[in-house]
Amino acid sequence: MATTKRIIAERAASQFEDHNRDIFGVQPGELPHQFSNLYFARLNALRPRVEAAAKARWGATALENVVKVLDAVPDATTVAIGTLYREMKGKPDIMEDSTRDVLEKRPAESERMFTKYCGEDDVLLLEDDSGRLALKLPEALADTIFVTGMVACVRGKLSEKGELVVDDVCLPGLGPQRPLGPPAASGERFVALVSGLHIGHRTQDMLPVQLLAEHLTGQLGCDEDHRLQSNIVRLIIAGNASTNPALALADASGGEWQPSDALKRMAPTDQKALAQSVRTLDQFLTAVSSAIPVDLMPGSDDPCNFLLPQQPFHTSLLPHSSQLATLNLCTNPYCCDVDGVRIVGSAGQPLDDMQRYVPSDDRLATLVRSLEFQHLAPTAPDALGCYPFERRDPFVINECPHLYFAGNQPRFESKAVIGPEGQRVRVVLVPDFAKEHTCVLVSLDTLECTPISFAGLAGDSMVM
Amino acid sequence: MPPTFNKRPADGGGSADAKRPARPRPDDDDDEGLDADEMIEEEEDLMMEDGMLPMPEEDEPLVLLGQADMAKFEREWRRPPLPALDPAVDSIDFQQIEADYSNVPSAPEFARGSTEPKEAVIRIFGVTQGGHSVCAHVHGFKPYFYVRAPAGFTKDGVPGFKAALKARLKAALPAKDGQQSECVLHCDTVTRQSIMHYAFKESATFIRIVVALPTMVATARRLLEQGLPLPGIGSVTFETFESNCVFVMRYMVDRSIVGCNWLTLPAGTWRQRGALSGGSDGDPGGSSGDAPKPATHCQLEIDIWFADVISHQPEGEWMRIAPMRILSFDIECSGRPGIFPEPEKDAIIQIANHVTLQGSTQPVLKNIFCLKETAPISGAQVLAFETEAEMLRSWHQFVLACDADILTGYNIGNFDLPYLLGRAATLKIGSFPYLGRVKGMVTKVKEKMFQSKQTGSREMKEINIEGRVQFDVMTVLMRDYKLSSYSLNAVCAHFLGEQKEDVHHSIISELQAGSPETRRRLAVYCLKDAYLPQRLLQKLMCIINYAEMARVTGVPLSYLLTRGQQIKVMSQLYRKAKSLGLLLPVSSRKGAEGEKFEGATVIDPIKGFYPDPIATLDFASLYPSIMMAHNLCYSTLVRRSELGKLNPDEYGKSPTGDCFVKASTHKGILPQILEELLTARKKAKADMKAEKAKGKDFDPLTYAVYDGRQLALKISANSVYGFTGAQVGQLPCLEISSTVTAYGRQMIDDTKAQVESHFNRANGYEHDAIVVYGDTDSVMIKFGTSDLGTSMKLAQEAADRVTKTFLNPIKLEFEKCYHPYLLMNKKRYAGLLWTNVEKYDKMDCKGIETARRDNCQLIREIMDTSLKAILIHSRPDLAVAYVKQQISMLLMNEMDMSKLVITKALTKTSDQYAVGNKQAHVELAARIKKRDTNLAPKVGDRVPYVMIKAASGAKAWEKAEDPIYVLENNIPLDTDWYMEHQLQEPIKRLFEPILPDNLDSLLKGDHTRKIKKAMPTTGGLMGFVAVTQRCLGCKASLPAGAPTTEGEAALCAACKPNEGDVYLAKLQQHANCERLYWQCFVQCQRVTGGSYQDIIGIARDSPLYMQMKKAQKDLKEAREMLARFGV
């Protein structure tokens, strides 16, 4: 006769260090300035790293004659360091709002994610403070991902036509990484990543969100499940937890012009719907964060500022959950250490934008590439809105993370990257939960990664 | 060349447009609109003192900063070296681009019997296919003109006449010309006809008078018109003929040379002048020892007898365009704060140059002359100098060495060139002002006023640079295009689709004072400014189109930019008249100002919105074809007194009562010219088609030449009518022009009657056709059917039917249908234009505020968007919603201010306007000048302004204000004024056919009830106001003693529980500000063209500048507001 023994699973504890506000916080006085300062700051930060990488690759003497791009002379081997710039005919006029036929149907917001700017006749240029120089890439580099804003060291010869015929391009590569600590004795620990909950979306099936909440709070599954669940030390919500009804509605109306469009102001009904969505989010967060520490990042649809880095949710929007010490309101992008594991990521806007610059649809490869640039959002401010920082570029990745993610992606994808100096990085595309009903668990010990789907009904279809 | 400027008739004035007598509008809107006030041609003597002023000594050698070698540069600047030529075997082909003449001592070899101490030698400048510059000195052509011989005058009277004229002329000439031994070289009698009035095939006797020098023509003419005592007859006053034809024109007409055509100097007829500076490294002597020294900087200099020059008509291989060297340049000056640079005080710091060959897109040369060391620029030569004088001297050397055929740039004629010359004078660089090809000719600046209907009034500077054509892109654009602003920035945005940087003078000085790198920054900017005019020339194909215009009309290229429209028609008349033995009188008729005649007809529009197709029938080239059909000409006009001499079937009586003989009796010269022009146009169009059909052999350049030609032919054909109607013209004949319009009116009315009487139910058609509107040369017909195809078929039938009833070559054509069609008023309509049944071609709007430039952008946008909604999207409801929303935005102070800016051209300064006639933009310009001279608009500029709230009863001119000033000081705009004066009328007009019953709801509905005004930061009562914080939720004043900590200061106690909702709303606003801020600045950064460059120059007249300023301000305010909620 078996006796039912009640197992009490204790949530595993973890060391948590929050770098968000230090790195991504915007001080009230920091505006307004022009964007050229940001490019300077970026070049200054990455120049020593790219130099070191180039020396390692081309030999110690390779950098003895680095020139400004406009000083390049024909026939001599030229080495120059600067920012790459991809000239694309397809890049939209940034002021499109003022020139567009306002009655023309606009592409749905959800499709804009897949818009491409790049084309056949794009020109890659290298720019420093002297000017710009067109690059002619060798066949071997033809398919390599280069986007505007990357700092690179370029070697080649200037042709008669005044373009630099490149033989090699050197990027900063993966930065130094702190070693991981030993596995915890208490068993394997995990962080959970989720994005795009879109709580309060009128047309949305709330069941998967419900299941997610119950799963995380240990109200679902058998003992075995509970043991695993109790080892999830932290939930990171990577943006778009709430719903912007105006955007949803614009998509629903087929992109037709609305009187409220030009006002750039929400119609009162949308305003109410958004407020309602935020209230529902508050309830959800209250429930979840009373069981597990939660990091809440804002995303493109959340009631938050527009320019990156997006600042944390204001406490007045989440009056109840923000009272809990376990709810951590974060910035987007995000940077924290959990038990010594450096976790860096964004709600997806930088990756979506980079993806518009490259022909390939391999989002994972682009994300890995951005690690090699040591930059979270190279295309900002070119086509991605960001603050005009004056003295620093917060998007530079100073220390190679162990876990690097981008939220609100079309599909779950993941890859382990091993760096030349033994750096180990888990790179993850966190899917949009409202569409994929999937959350991702990453082991803090092994950096192994597991998706959990809440697509079907409870229990049986749950995969772990 | 003697320049001609239009002199304003006594009463004329830009403001008098409305009062101007109704002048018929020639043909459709693509005619050239002849100026009524063009001045009569007069030979003006601009000859240099004496051909041979010595060129000042070369200054000491130039020293370049850095390692560069001046001599090496100079070698690179030159044209390809000239191969050795043998006059006995080689003939020389070249395309002439410019011609003038000079009075020089006669060359014995070319005297051929003349004993005059000086003769007028024509200089023809040109380029060979190999890119070598040529100057041909053409000897032996003499100026002449005609007078009508008095009755009974015979051959025998000639010697007496000659002697009398000679005596008088000698006395009247200035001393230096009086030395000419024989001023009247030759007189003889000829048999000719005057072009004026039908002459009944009778010829008259004329005396041809050949004089020694061109300048004597005008004097002789004056004497003859005043009266000349003839032996045995007494004092006779003479009517002169063709005495106003300028000398070079005369030569070109007589030798069948047209502008920009190819000439051949056959082997054995020419003599090369001594070696040129260009070939100095080759053989030094030239061939013959006795050949005179070169007088110009051209590579090849030739002497030749005038009759030996062979002229080729621009056909076949002679159609091509030689690789002319085009130099585009731009200067930068240092400035002092608040003062526009003055050549007496402010230095030139950089001169950027781009040299290209016509027909190629890549520059052959790119360089920049800089003051002080400047960091190198890839792809461009950088020449740096320690002193400005050295820089200017070396630039002068560059101009001579590169030997450009065409000088271009933006506003070079009124700024860059005069400034360079002024600066050289200040620095006392004696060698500088010799920029032309003729050695020893000083380049001078003359101030002129240029007035024409096309460009309005402008202060102009006239600069003589012999042998090079000045092709100022700004002048070209002002002549050929109507734009709201002619700043280089606006023009580039319009034609090239890109904004350009505009560096303010104050920043220029800073950059110059900085390091070699900052000077390079400036140099890159300056180079771009030199490059843009070149791109514009290419894009708009100016050179090709102007060359074709010169060929078609026969005038030299430079005339097209410096002279009015009439010379072009005159040139054609002279040519045609010569071939027919006709002479042109010198018009003494200054067409009386009061003389009015009726313009074109307009059939009253039946206003409304037509969802069914409306077919449009057009008369092709209406006025030219009327002139051809009815044989209207000077030479066919019958004097009323002489009507009795004709059979009634020999002439036609026009609706105005004027009579012209029929073509069968005597074919007019104007109809002949027109026929030739239109035939040539048909051919050019056929050639275009043939060229296109060539497939892979298609040559875009040839195609462009044909296209330029057909355009030039069309414009020329249309301008003939205007020429006859010009009131102060060379040869006005109002009988012709009023007859033309009268026939035009009759034809329109006829067409209407025919269409309506035939296409009706009575004749078995499904519906009754109605002409809903008709204007000048077109009628709009509603056939009643809703099917586009049927409508087109009926329209074609109607066109054919009506054409049959008119004289050949008048043709009514069916080209397009409007479907749907919105007819608002006379000359105001819009519709989707269809030429086939599959897809509409475009949305066509006439006379609607989408195009008018003295309206603000807002109304243009509203009209454009509304029309799109109605016509394209078929959603009038959307249009209504859109208009309401825009009005609401305006009233709520949410409109982007750049959309409310109005620009007007400043034609005179305020003190030139009559007292009491104050105009907004003029007063504003004066006010800005008081604030900052630097920013003050100059005469000719367009002044941007917005209307601001002022005390009630303030005049409009008191309300105009500089938009940037308004933005910076938060001055509230007068939205009521915009509603009343800008929006109301156009919106009413547009929506009247759509909302006939409910029009008021658009302008006075609920959406107009909410108003918001900006709070000014300066002036008025603001100094006395204490600012209190208001609750962001309900706008209640917060108690003065309320806690000032952030987070407490945002809301009143009542709103506090809803903090989240209030915050959400404000957040949204903040996010929008952020987005706009980022967009503006990134856009500016893109304009700047480099990510590392600070944005320093965005033109103040660019909408971007205003948006940038506004975004900056708005975001700051939004952030401050958000901060009140605390972090």
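So, salt bridges between the two domains of chain A: the count there is two, where a salt bridge means a side-chain nitrogen of Lys or Arg within 4 Å of a carboxyl oxygen of Asp or Glu. One salt bridge to look at is A:D361 with A:K116, whose closest N and O atoms sit 3.5 Å apart. Side chains of opposite charge can pair when their charged atoms come close.

Before I go on, this is a predicted model, so local features need pLDDT of at least 70 and side-chain atom pairs count only at pLDDT 80 or more, while totals for chains, interfaces and linings use all residues. Residues are numbered from 1 along each chain as its sequence is written, chains are lettered from A and ligands numbered from 1 in the order in which they are written, and side-chain values use heavy atoms, with hydrogens and water left out.

Now, the domains. Domain 1 of chain A covers 16-28 + 177-453, and domain 2 of chain A covers 34-97 + 110-170; these bounds come from an automatic or database domain assignment. Taken over C-alpha atoms, their centres are 31 Å apart. In the contact (heavy atoms within 4.5 Å), domain 1 of chain A puts in 40 residues and domain 2 of chain A puts in 31.

How much area do the two domains of chain A bury between them? About 2900 Å², with 60% of it on carbon and sulfur atoms. That's the accessible area, 1.4 Å probe, lost when the two parts are put together, summed over both. On the side of domain 1 of chain A, A:R356, A:Y357 and A:D382 supply 25% of the buried area, more than any other three residues.

Which elements of domain 1 touch domain 2 with at least two residues each? In chain A, those are α10 (349-357), α11 (363-372) and β13 (403-409), with helices (H or I, at least four residues) and strands (E, at least two) taken as DSSP runs numbered from the N terminus. The largest share, six residues, comes from α10(A).

Over all chains, the structure holds 68 salt bridges. Take A:R155 and A:D167, at 3.0 Å, N to O. A:R155 is in strand β5 and A:D167 in strand β6 of chain A, so the pair ties together parts twelve residues apart in sequence.

Last, confidence. Chain B averages a pLDDT of 81, pLDDT being the predictor's confidence in each residue, from 0 to 100. Over residues 1-57 of chain B, though, pLDDT is below 50. Where pLDDT is low, the predicted coordinates should not be read in detail.
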